[in-house]
Amino acid sequence: MFRGGALRVKAFRTGTSTRLDERVADMCDMKCLPLGQLLRAVYPELYAVHNLHEHAPRPEDEDEDSDPAPDPPRLQLSAERINSNGAYLLDDGETMIVYVCCNVGADFLQGALGVGAFSQLPDESRSLPRLDTAISRLLHAFIERLNDERPYAANVLVLRDNSPSRQQFTDRLVDDRVESAFSYYEFLQHVKSQVK
């Protein structure tokens, strides 16, 4: 999976879609980033955030030192894991992309994003509203927990699934096949055939 992700970063991406200055900047980052951040840049973390209440600590489980942030499981970086009824957070170390799908529930839209309908969301937004709702508090607590382990907070980008900028999210689904690289499964099959 690391190799599949490495071929997707701008430093090693094939083709002409990447500008030279982006490629050089990415190469410099890869040489200088701390290991944890480099791993996240190559193989980002993906979480479902539309159901954070299911992964929040129960009041009877909490003690004074416990973390009130939800702990959802990591998802495989594949479009198969993206459901049109959901919202997802992809963390690549530098940016946390909140990807909102078209059929996500109205309670999530209202509670986390402060809009009544999917059509009211902007195509892309660089801020996540802090609302006085349980969903918003859980989402912000989760983002703060992810940011606790790094020297500076990651940028937040909210994207609709029909946004012209959606490729910023879909390019990071490194377990899927693209024209210029194998999927992770295809890479394993290729290695297996080369070993024989």
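## Starting with a hidden ring

At 1% relative accessibility, Phe 169 counts as buried, because anything under 20% falls in that class. Keep in mind as you look around that this is a predicted model.

How many aromatic pairs does a search of the whole structure find? It finds two. The other one brings together Tyr 47 and Phe 142, and that pair is edge-to-face, with 5.0 Å from centre to centre and 85° between the planes. Tyr 47 sits in strand S1 and Phe 142 in helix H5, so the pair ties together parts that are 95 residues apart in sequence.

## The whole chain

Now zoom out. The protein chain has seven helices and five strands. If you walk along the sequence, the pattern goes α-α-α-β-β-β-α-β-α-β-α-α. There are 196 residues in the chain, and 42% of them count as buried.

Take the contacts between residues at least 6 apart in sequence: 64% of them join residues at least 24 apart.

The five strands form an open sheet, and its order is S1-S2-S3-S5-S4. Strand S1 (45–48) and strand S4 (124–125) are the edge strands, each pairing on one side only. Strands of a sheet pair through backbone hydrogen bonds, and they can be parallel or antiparallel. Here the pairing is mixed.

You can see both kinds around S3. Strand S2 (residues 87–91) pairs with strand S3 (residues 95–100) in the antiparallel sense, over five bridges. Strand S5 (residues 155–160) runs parallel to S3, and six bridges join the two. Val 98 is a handy landmark in S3: Leu 89 stands opposite Val 98, and Val 98 also stands opposite Val 158 in S5.

## A strand covered on both faces

Why is S3 described as largely enclosed by the rest of the structure? Because six of its six residues are buried. In a regular strand, side chains alternate between the two faces of the sheet. In S3, Thr 95, Ile 97 and Tyr 99 are on one side, Met 96, Val 98 and Val 100 are on the other, and all of them are buried.

Helix H5 (residues 134–148) lies across S1, S2 and S3, and runs at about 10° to S2. In helix H4 (residues 106–113), the buried residues are Phe 108, Leu 109, Gly 111, Ala 112 and Leu 113. Those buried residues of H4 pack against S2, S3, H5 and S5. Just after H4 comes Gly 114, which takes a positive phi of about 75°.

## The turn between S2 and S3

The hairpin of S2 and S3 has three residues between the strands, and one of them, Gly 93, takes a positive phi near 95°. Asp 92 is found in this loop as well. Is Asp 92 buried or exposed? It is buried, with a relative accessible area of 15%.

What does the side chain of Asp 92 meet? A polar atom of that side chain lies 3.0 Å from the backbone nitrogen of Glu 94. The Asp 92 side chain is also joined to the side chain of Arg 172 by a polar contact of 3.3 Å. Leaving out residues up to four places away in sequence, Asp 92 touches Arg 40, Ala 41, Pro 44 and Arg 172.

Conventions
Residues are numbered from 1 along each chain as its sequence is written. This is a predicted model: local features need pLDDT of at least 70, side-chain atom pairs count only at pLDDT 80 or more; totals for chains, interfaces and linings use all residues. Side-chain values use heavy atoms; hydrogens and water are left out. Two strands pair if DSSP finds at least two bridges between them. Helices (H or I, at least four residues) and strands (E, at least two) are DSSP runs, numbered from the N terminus. Contact means heavy atoms within 4.5 Å. Axes are lines fitted to C-alpha atoms, for helices over the stretch in contact, and angles run from 0 to 180 degrees between N-to-C directions. Buried means under 20% relative accessible area, exposed over 50%, partly exposed in between (1.4 Å probe, protein chains only). A polar contact is a pair of N or O atoms within 3.5 Å; within protein, one must be able to donate a hydrogen and the other to accept it, and residues adjacent in sequence count only if both atoms are side-chain atoms. Rings of Phe, Tyr and Trp (its six-membered ring) pair if their centres lie within 6.5 Å; planes under 30 degrees apart count as stacked, over 60 as edge-to-face and the rest as tilted.
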